[in-house]
Amino acid sequence: MTLTAGGRRLAAAALVQSLGIGLFMASSMAYFTRQVDLSANQVASGLALAGVVALGISLLGGVLADRYGARRVLAAVYLGRGVCCAAYVFVTDFWQFMVVTLCAVACDRAGPPVLQALVAVAVPERQERTRLLAVVNVVRNCGLGVGAMAAGVALASDTQAAYRVTLIAIGLAFLGGALLVLRVSEPAAPTAEAAAPKGAAERAVKGRVLPDARYLTLTGLNFLLFFFDTMLLVAMPVWILEHTDAPRATVSVLFALNTALVVVLQIPVSKLATGQRRTTRMLTWTGAVLAVSSLCFAASGSVGGGPAVAWLAAAVVTLSLAEVIANSAVWDLSIALAPEEQRGRYLSVFNLSVAGQRVLGPVMVTGLLLGSGSLGWVVAAAVLVVAGVAAERVARAAGERMRAGLPAHA
């Protein structure tokens, strides 16, 4: 696809900052444990606590985007992440680590919905903005991989100087992303007062606290459909290592397979998100394909050797397909179903379903799914099918109400 100048800058910004994230993900644990002398448990608990606290703080990103413009807020988020990475150079104890990490994670959580809000105003055509977000996702995955490999230099040296140079490089990567974002054209969005019809000001004020009931319901259902993330990052490796006879190397091979499939399939699949009816139908397909993946995981636990690997490969292939279908559908619907004058706020709330899955998903997996063996996967499959069908119906009803011009809170 041909990108506009603004689209190319957003894609370039995503590439630059994802290189920084890849560097950080691959090298940060070694830096904190070997150079700052924090324990692995301190780092893990600090990240988890910061993730929980940042859920609420990240909502401010959408509020600020509606008020001051998504471009400036996204640039500030990228700059904030860069400053936090540079600040890690001066961290010497756990509490300093916690303060910097909380700020960094809050910026991380605030970024995606603000990016969507900027894409929505910079690319007015609905299908083109979904494709742009697909390009950004592919670029981000490539950047993460390259950044992770580049971190090998610091890991091989294993010196404080090498790690600090890496952190500074990460900070500069985020600074570069911020500068690219500032060059994106952002037409002025209507304010809530200007967009509201005369006599409807009170309704607009009431709508500022939380999105309407249908949007909130869709957010809750997306929490379940986004389970593909937890399935891949938590359930898959634990299931392979503890519940199957597959070789341990299968874990890394399947991670690489998922990355490759997302890079190859995301843009073509995003082209299917055309029109409200077709896009909402993709939610049902997401639940169904995730259910097939769950059943493949269940089957892998009852066989050994080659058949187990084959079932696991089938599970990751279908999971990856569900991921790109879900991404394409929710990128489109989360923007299209949000009132233009409150888009940032709506998208920030919707993003809680993603952030919440990353916080609560591992607990659900370890406490419920994996503890029940193959039966847990079967139950998960049933829940995901129901969630997909329900999400389609809710999204379709919300779209019909918007086309009819009815108040969101009626």
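View 1. At 1% relative accessibility, D332 counts as buried, where buried means under 20% relative accessible area, exposed over 50% and partly exposed in between, with a 1.4 Å probe and protein chains only. This is a predicted model, in which local features need pLDDT of at least 70 and side-chain atom pairs count only at pLDDT 80 or more, while totals for chains, interfaces and linings use all residues. Residues are numbered from 1 along each chain as its sequence is written, and side-chain values use heavy atoms, with hydrogens and water left out. The side chains of D332 and R126 meet in a salt bridge at 2.6 Å, N to O, a salt bridge being a side-chain nitrogen of Lys or Arg within 4 Å of a carboxyl oxygen of Asp or Glu. This pair links distant parts of the chain, with D332 in helix α15 and R126 in helix α6 (residues 126-150), 206 residues apart; helices are DSSP runs of H or I with at least four residues, numbered from the N terminus. R126 is partly exposed, with a relative accessible area of 24%.

**View 2. The salt bridge between D158 and R34.** The closest N and O atoms of D158 and R34 are 2.6 Å apart. D158 lies in the loop between α7 (152-157) and α8 (160-182) and R34 in helix α1, so the pair ties together parts that are 124 residues apart in sequence. D158 counts as partly exposed at 25% relative accessibility, whereas R34, at 53%, counts as exposed.

View 3. R396 and E392 meet through their side chains in a salt bridge of 2.7 Å, N to O. Both residues lie in helix α17 (residues 374-403), four residues apart, which is about one turn of the helix, and both are buried.

**View 4. The largest nonpolar core.** This core has 89 residues, and those with the most contacts inside it are L10, L118, V181, L218, L283, F297 and W377; a nonpolar core is a set of buried Ala, Val, Leu, Ile, Met, Phe, Trp, Tyr and Cys residues joined through side-chain atoms within 4.5 Å. Its largest share, 13 residues, comes from helix α15 (residues 305-336). Leaving aside residues up to four places away in sequence, L118 touches L10, A70, R71, L74, V181, V184 and E186, a contact meaning heavy atoms within 4.5 Å.

Terms used: Helix = DSSP H or I, 4+ residues; strand = E, 2+ residues; numbered from the N terminus.
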